[in-house]
Amino acid sequence: MAAVKETVDQVRAIDVDQYKYGFETDIESERARKGLGEDVIRFISAKKNEPEWMLEWRLDAYKRWLTMEEPTWARVHYPQIDFQDIYYYAAPKSTPGPKSLDEVDPELLKTYEKLGIPLREQAVLAGVEGAKVAVDAVFDSVSVVTTFREELSKHGIIFCSISEAMREHPDLVKKYLGSVVPVTDNYYATLNSAVFSDGSFVYIPEGVRCPMELSTYFRINEKKTGQFERTLIIAEKGSYVSYLEGCTAPQRDENQLHAAVVELVAMEDAEIKYSTVQNWYPGDKDGKGGIYNFVTKRGDCRGDRSKISWTQVETGSAITWKYPSCILRGDDSKGEFYSIAVSNGRQQVDSGTKMIHLGKRTSSRIISKGISAGHSQNTYRGQVKVNRKADGARSFTNCDSLLIGHDCGAHTVPYLESGNPRAKVEHEATTSKISDDQLFYCISRGLDPEEAVALIVNGFVRDVLQQLPMEFAVEAQKLIGVSLEGSVG
Amino acid sequence: MLEIKNLHAEIENEGREILRGLDLQVKPGEVHAIMGPNGAGKSTLSHVLAGKPGYRVTEGAALLDGVDILDMDPALRAANGVFLAFQYPVEIPGVANMTFLKAALNAQRKARGEEEISTPDFMRLVRTEAGKLKITQDMLKRPVNVGFSGGEKKRNEILQMAILQPKLCILDETDSGLDIDALKVVSEGVNALRAPNRSFIVITHYQRLLDHIRPDVVHVLSKGRIVKTGGPELALELEAKGYADYASEEAA
């Protein structure tokens with residue numbers, strides 16, 4: 001039938017390996033030798049003019065990493081990673097410390113344009129006044145442009161690259177780095193501690209409400225370069241910040257390892273909202289060449305009545321291994337996790353959260369929406385742990401999976417542990433399929449099959465999309481549609 | 001308007017033939033009722049015309065204004081003016097009714113090479129049409145058909161019809177599951193949509209609906225063919241005598 005043929009053609013036309021963001025920018029880069037060793041770590045540290053204590057910290061992490069083993073408990077399968085076959089550092093060649101856009105490599109600015117960075121942000125990059133998003137753009141490992149710093153600094157807010165923070169604010173970095181995700185937390189976090197290249201640092205002083213959304217664009221742009229971001233956000237007493245992270249990456253043939261660490265610290269009455277849209281190259285139709293994304297993200301609700309909220313839209317990467325978590329240490333603190341994980345083609349997702357209730361009357365809320373299509377596997381893995389002393393703790397989990405087609409899988413693996421008899425822990429889970437009836441209903445009203453799937457899926461994830469800042473939500477909605485192209489037929 | 005010629009269709013995986021040489025002609029502005037016993041092929045006819053997967057057309061044609069719609073995919077049929085009011089409207093969780101309506105309307109406009117409707121124009125259109133059908137703002141904001149009563153679902157189908165302005169409306173047992181008040185509202189909605197350039201095929205078991213939607217022509221469908229055609233009096237006759245004369249072998 002005509003309909004079938006057209007769908008087949010569409011699927012061909014949008015073959016996953018014709019990845020929309022698959023291009024490379026030709027910029028010379030300085031990089032470390034291939035492989036990992038103390039010399040490479042010294043090289044990285046020297047490149048970044050780091051203080052001695054930082055080098056020691058890295059070397060210590062490296063020594064510990066050598067004794068550790070790669071975790072195997074996640075439901076993901078991939079060929080053995082050869083850690084000696086990766087470049088651990090690459091910096092775009094540019095004049096030292098660009099002070100204005102004129103000094104920035106024009107190729108880089110073109111890249112932003114191709115990436116479709118919203119006009120608002122482009123305006124910021126172009127120095128137009130009145131735009132209100134601060135972009136700390138991370139281009140392969142080094143922060144090239146940091147904007148709006150002046151306006152932020154009026155409020156005493158620090159928003160800069162972590163390398164810069166090490167030099168300018170060593171006390172803060174020393175005090176908080178590794179305090180949420182310890183150096184030996186897990187294999188990938190330890191590796192990150194040894195070789196992290198750059199990332200963002202945010203400090204919100206007491207009582208300050210950050211006047212704008214802080215955002216970072218990540219882009220991996222050097223063949224075979226592992227990307228090891230390190231982000232640290234500290235919200236002092238009674239402060240508030242919303243941080244947006246979004247990424248795309250160019251196409252490449254070989255797998256790219258990405259092992260980021262994000263640490264959040266919220267003091268008394270502080271609130272941190274961390275939103276991610278992740279759209280890294282997922283690999284071609286056979287799953288070849290996609291990003292391996294092994295991320296450790298954790299927030300510490302250190303003060304009473306503090307709140308940390310993670311919202312993520314995950315559509316990219318060949319392998320996603322990611323569990324943004326909250327340690328609810330302060331009494332009456334709150335943790336939230338809102339997640340949309342879309343997998344298509346041969347993607348494998350093992351993602352979820354951990355909510356560790358330590359303080360009294362702590363509460364957590366987990367809303368997870370997993371969508372699997374193609375030959376992908378999508379696992380929700382979530383842990384809710386209530387400590388003996390966490391009187392009155394409450395936790396609610398809602399975990400829904402949606403299957404598109406017959407060759408994908410959805411899995412839900414909750415771990416609920418309550419050491420307190422008065423805690424209330426709830427878990428709900430559903431698995432459903434987009435029914436043929438739903439599809440036909442939409443199509444019979446004039447929507448093409450892809451539009452119909454996108455509409456149904458966007459309905460399915462609505463609860464989570466609503467948690468995203470407005471502009472991000474619109475982008476995310478489009479992204480979800482694009483990610484599922486070719487999933488029906 | 002619509003000309004169905006010698007239509008043969010079977011259920012795809014079973015190979016069982018349901019429509020066996022069906023002929024039907026519907027002129028612009030006419031309302032045709034199709035009645036018949038269970039298993040006669042009434043719903044199959046509506047599904048085949050709308051392009052629901054799971055059926056195979058083995059012979060024949062269905063010309064809408066001279067163009068065979070059976071070669072088109074279902075979305076294109078919709079854009080060309082075919083509308084099926086479902087017997088069991090489908091729920092779409094999380095998608096606001098309003099969003100759905102706008103997406104459908106714009107998809108059809110796009111397929112016809114027209115511009116998207118502006119949001120203010122769309123809002124005006126929906127408000128006017130929803131008002132006629134006693135559809136509340138609340139129903140427009142709720143997810144498509146989720147938690148709707150039987151009557152609300154059917155009214156919602158008619159609202160879609162009013163917004164999409166099709167040429168050919170196929171009502172598949174729209175009266176099933178309706179109480180008498182809902183039946184009236186739905187029928188009034190349909191009657192309001194009657195127009196010289198719009199035709200209706202009303203599929204029903206019962207004369208009851210035809211008291212409210214007055215057909216121009218009544219057909220009896222049995223064993224996959226039209227076996228008798230008449231005026232509105234034919235429906236009354238069927239109501240009195242039943243389908244015994246036309247009993248389908250599939251009817252159980």
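Is A410(A) buried, partly exposed or exposed? A410(A) counts as partly exposed because its relative accessible area is 25%, where buried means under 20% relative accessible area, exposed over 50%, and partly exposed in between (1.4 Å probe, protein chains only). The structure is a predicted model, in which local features need pLDDT of at least 70 and side-chain atom pairs count only at pLDDT 80 or more, while totals for chains, interfaces and linings use all residues. Residues are numbered from 1 along each chain as its sequence is written, chains are lettered from A and ligands numbered from 1 in the order in which they are written, and side-chain values use heavy atoms, with hydrogens and water left out.

A410(A) lies in strand β22 (residues 409-418) of chain A; helices (H or I, at least four residues) and strands (E, at least two) are DSSP runs, numbered from the N terminus. Leaving aside residues up to four places away in sequence, A410(A) touches S372(A), N378(A), S401(A) and L403(A), contact being defined as heavy atoms within 4.5 Å. Between A410(A) and Y281(A), the separation is 129 residues in sequence and 21 Å in space, C-alpha to C-alpha.

Helix α3 of chain A (residues 52-66) has 15 residues and should span 21 Å at 1.5 Å a residue, in agreement with the 21 Å between its end C-alpha atoms. The expected span is 1.5 Å times one less than the number of residues. Buried positions in α3(A) are M54(A), L55(A), W57(A), R58(A), L59(A), A61(A), Y62(A) and W65(A). These buried residues pack against α2 (38-47), α7 (162-168), α9 (187-195) and β8 (230-235) of chain A.

Over all chains, the structure contains 33 salt bridges, each a side-chain nitrogen of Lys or Arg within 4 Å of a carboxyl oxygen of Asp or Glu. One of them joins the side chains of R302(A) and D300(A) at 2.9 Å, N to O. R302(A) is partly exposed at 26% relative accessibility, whereas D300(A) is buried at 1%. A salt bridge also forms between E336(A) and K307(A), with the closest N and O atoms 3.6 Å apart. This pair links distant parts of the chain, with E336(A) in strand β17 (residues 334-343) and K307(A) in strand β14 (residues 307-314) of chain A, 29 residues apart. E336(A) has a relative accessible area of 12% and is therefore buried; K307(A), at 21%, is partly exposed. In chain B, the side chains of E114(B) and R112(B) meet in a salt bridge of 3.1 Å, N to O. Both E114(B), at 37%, and R112(B), at 36%, are partly exposed. Salt bridges with shared partners connect E271(A), K307(A) and E336(A) into one network.

At the interface, 35 residues of chain B are in contact with 21 residues of chain A. The two chains bury about 2,200 Å² between them, 67% of it on carbon and sulfur atoms; buried area is the accessible area (1.4 Å probe) that two parts lose on being put together, summed over both. F86(B), V90(B) and F100(B) supply 21% of the area that chain B buries against chain A, more than any other three residues. The interface holds 2 salt bridges. R445(A) forms a salt bridge with E157(B), the closest N and O atoms being 2.7 Å apart. On the side of chain B that touches chain A, two or more residues each come from α2 (74-79), β6 (82-85), β7 (92-96), α3 (97-111) and α6 (150-164) of chain B. The most come from α3(B), with 7 residues.
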